[in-house]
Amino acid sequence: MEDSRRNFLKMAGIAALGAGASPVLNAFAAGGGPAATPKTMKGKDILWAKQWGLVIDTRKLTTAEDLKPLIDACHKTHNVPFIDPAIVGHNRHEIKWLWQTGYANAFPDLEARYTHEEVETRPFLVLCNHCENPPCVRACPTKATFKRPDGIVAMDFHRCIGCRFCMAACPFGARSFNYRDPRPFLAETNLAFPTRTKGVVEKCNFCVERLADGLLPACVEASNGALVFGDLEDPASEIREVLRTNYTIRRKVALGTGPAVYYIV
Amino acid sequence: MNDKGKIIAGVIIFIALVTFPFWYSMGKAAPKPEPVLTPQALEAKACVRDKVWINANHMQLLNEWRDAVVRDGERVYVNLEGKEFNMSLSNTCLDCHSNKAEFCDRCHNYAAVSPYCWDCHIDNPKETK
Amino acid sequence: MLEYAIKGSKAYCAWMTALLGLIGLGFGVWLWQFNFGLGITGLSRDVSWGFYIAQLTYMVGVAAGGVMVVLPYYLHDYKAFGRITILGEFLAIAALIVCLLSVVVDLGQPMRILNVWLHPTPNSVLFWDTIVLNGYLFLNLVIGWNVLQAERNGTHYPGWVKPLIYLSIPWAISIHTVTAFLYCGLPGRGFWLTAILAPRFLASAFAAGPALLILLCLLIRKVSNFDPGREQIQALAKIVTYAIIINLFFFLCEIFVAFYSQIPEHTTHIKYLFVGLHGHGVLVPWMWASMILMATAAIMLVIPAIRHNEGVLAVACAMLFVGAWIDKGLGLISAGFVPNPLHEVNEYVPTLPELAITLGVYAIGALVLTVLFKMAIGIKEEVRA
């Protein structure tokens, strides 16, 4: 049964620990050339990290018009529907991955009574923080939400049962639920990316599908340098250089989730 | 107790009801489905694996692909011949089989299965364009 | 033993038919929800849990409350409760069925429910909740059935049941503790982020569960030849009295911590419930009604002369049951989500379809309860005749 090779290797690995059967395992792992069994692997172009992170330079994104191309790029790339309140009569079924809010909403614990006039009216981009210690991953009863080795808090829409425990667990309001079939609300469809079905939760995926092809996230690409994306664990990365040379803040750090999205105010 | 008649009648009615679908469909077997291959598929000659194997195992293969892509971040499949494929239902499978109605649906309808793949995966890149 | 539930008076048949009608209605609406999605409810991006999960929370309490007759009988050898332990156990079964169905109707993808066990995730409290709820259901089924069968045959229940009975006592505590942990372990939801949530849940459970049992006992006395007994009802009333006072005390502890510390994360939700926030306050009259009902019931129960009058006791129990239901079944869940993590206020009100589905779920619980109680009472009548 060559197709259960993955499972077989897992089992063999466990057996090897107990029975010292490592020669058997080596025999399987040996060989190169034309694959004796089919295998799966990462693509050559993939961008990989230990903990992806994002810096948003809010000084360069000062108006709603500045943010719109980024939000549109995200939502178009991922087939995020616009469920128009004018059509459905309410805003309860709203779905958003990347959106704008006010400073006091993004940073309620850093609200100041008297503050910089311009910052008070500046729109802030908010999205999933891909936390280092994500409470949504802890809450999910099926591992439909999980943390990838590159730090991205990813979702397996095939496995999600729609219990919405993750939405209660997220302190950033980053998650949306498909209260209805989203397809009728897509103005245009990106054929290269799936839509969602009713009954599952969704959120920003840090563009895993683009990273796999060696591309930066859609919002970063559309940002004209206002957004910097990179590996937080790599001291030589551009993002670390930006963090070394600028004072940044993160949302609700007191909760200990370790957000990977930083803001230059 | 003299309910013999009632019991036997009941058993007969029960058997008749349970086996009704068989009587009803007798002699009306649907013809074997003939999935249509697109010119592109014909030209490629082979799928990612041989045809018989794919017939029997494509659902398991897709499940493995799904987990590899979504959960392990691995998107490349290397088949027995060492050829590489992007593991994507919409972008690889349906790129070749761009005729879902004549290819996928015919067999699925015959076998009375309705996979929920298409709730999310866009079913026909070529035609919806 | 189920044969006892098949025959009954005209009123019994009418009651069961009515329940079946409600179940059918609820099921029909649920099919609509299954087809359309949870969008037919009042839930939203901000308030993502509502009426369904609230019913889970409340009925877990009713289920756990059953242990208040089991514990005194088996651990303290309080003989009087021997007559009614079976009622407590069967009430727990029906309540648990309501709980489990409330979770099922709340799922966006109910067909995938087995994923919880196909991909077991010990770090998820919801995973543990499914285990403790199903486990407690199983325990009560096995115990209740065997004990009742033994009573019918005039024998002692088999020896292996005893350890299960002892196990069921801490297990009852666990179901409500784990259910509280669903909420109180979440960062950024200040309303629930309190270590007293599980104890508070237990206190309200031990008030509401036995209060319902008192009402059921009084009803049973009226409609059958089996008398659960005055002493039993009075003992339950004392338990209810202590529990409701502790529940109110815990609530006041919460109020003190929130409003003396004046930490907005903790006060805003309570303000939303009792005075409204930014002009939104749909729950305000409900919450005050809840507090008045519970406090009045507590005062009534604490006065022996009132408590001893079974007619007034019934009124107090009904007030308490409704008050606790508003507190847990309406306020507790949605207030945790209002205001949202970005301090915006979006309110939640359940819709009619949502209420119809919930009613159907409760009707299933009532049907199960009726069947089980009919069986138990039939056997008790027979044994005593």
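Modeller: The account below begins with the basis of the values and then goes from the sheets to the interfaces.

This is a predicted model, in which local features need pLDDT of at least 70 and side-chain atom pairs count only at pLDDT 80 or more, while totals for chains, interfaces and linings use all residues. Residues are numbered from 1 along each chain as its sequence is written, chains are lettered from A and ligands numbered from 1 in the order in which they are written, and side-chain values use heavy atoms, with hydrogens and water left out.

Within chain A, an open sheet is built from four strands in the order E9-E2-E11-E10, with mixed pairing. Strands (E, at least two residues) and helices (H or I, at least four) are DSSP runs, numbered from the N terminus, and two strands count as paired if DSSP finds at least two bridges between them. The edges of this sheet are strand E9 (227-231) and strand E10 (248-249) of chain A; each has a single partner strand, so one side of each is left without a neighbour in the sheet. Helix H11 (residues 238-245) of chain A packs on the sheet and touches E2, E9, E10 and strand E11 (261-264) of chain A. Contact here means heavy atoms within 4.5 Å. The direction of H11 makes about 120° with that of E9(A); axes are lines fitted to C-alpha atoms, for helices over the stretch in contact, and angles run from 0 to 180 degrees between N-to-C directions. Strand E2 (residues 52-57) of chain A is joined to E9(A) by five bridges, and the two run antiparallel. Opposite A:Phe229 in E9(A) stands A:Leu54.

Chain A also takes part in a sheet with chain B. Three strands form this open sheet in the order E1(A)-E1(B)-E2(B), and the pairing is antiparallel. Strand E1 (39-41) of chain A and strand E2 (84-86) of chain B are its edge strands, each pairing on one side only. On average, neighbouring strands of this sheet are turned by 30° against each other, direction ignored. Three bridges link E1(A) to strand E1 (residues 76-78) of chain B in the antiparallel sense. A:Met41 has B:Val76 in E1(B) as its bridge partner.

Contact between the two chains involves 36 residues of chain A and 30 residues of chain B. About 2,800 Å² is buried between them, of which carbon and sulfur atoms give 51%. Buried area is the accessible area (1.4 Å probe) that two parts lose on being put together, summed over both. On the chain B side, B:Arg71, B:Cys120 and B:Ile122 supply 23% of the area buried against chain A, more than any other three residues.

With chain C, the contact takes 46 residues from chain A and 42 residues from chain C. The area buried between chain A and chain C is about 3,600 Å², and carbon and sulfur atoms give 54% of it.

One backbone feature of chain A remains. Although A:Lys143 is not a glycine, it has a positive phi of about 60°. A:Lys143 lies in the loop between helix H7 (135-139) and strand E5 (145-147) of chain A.
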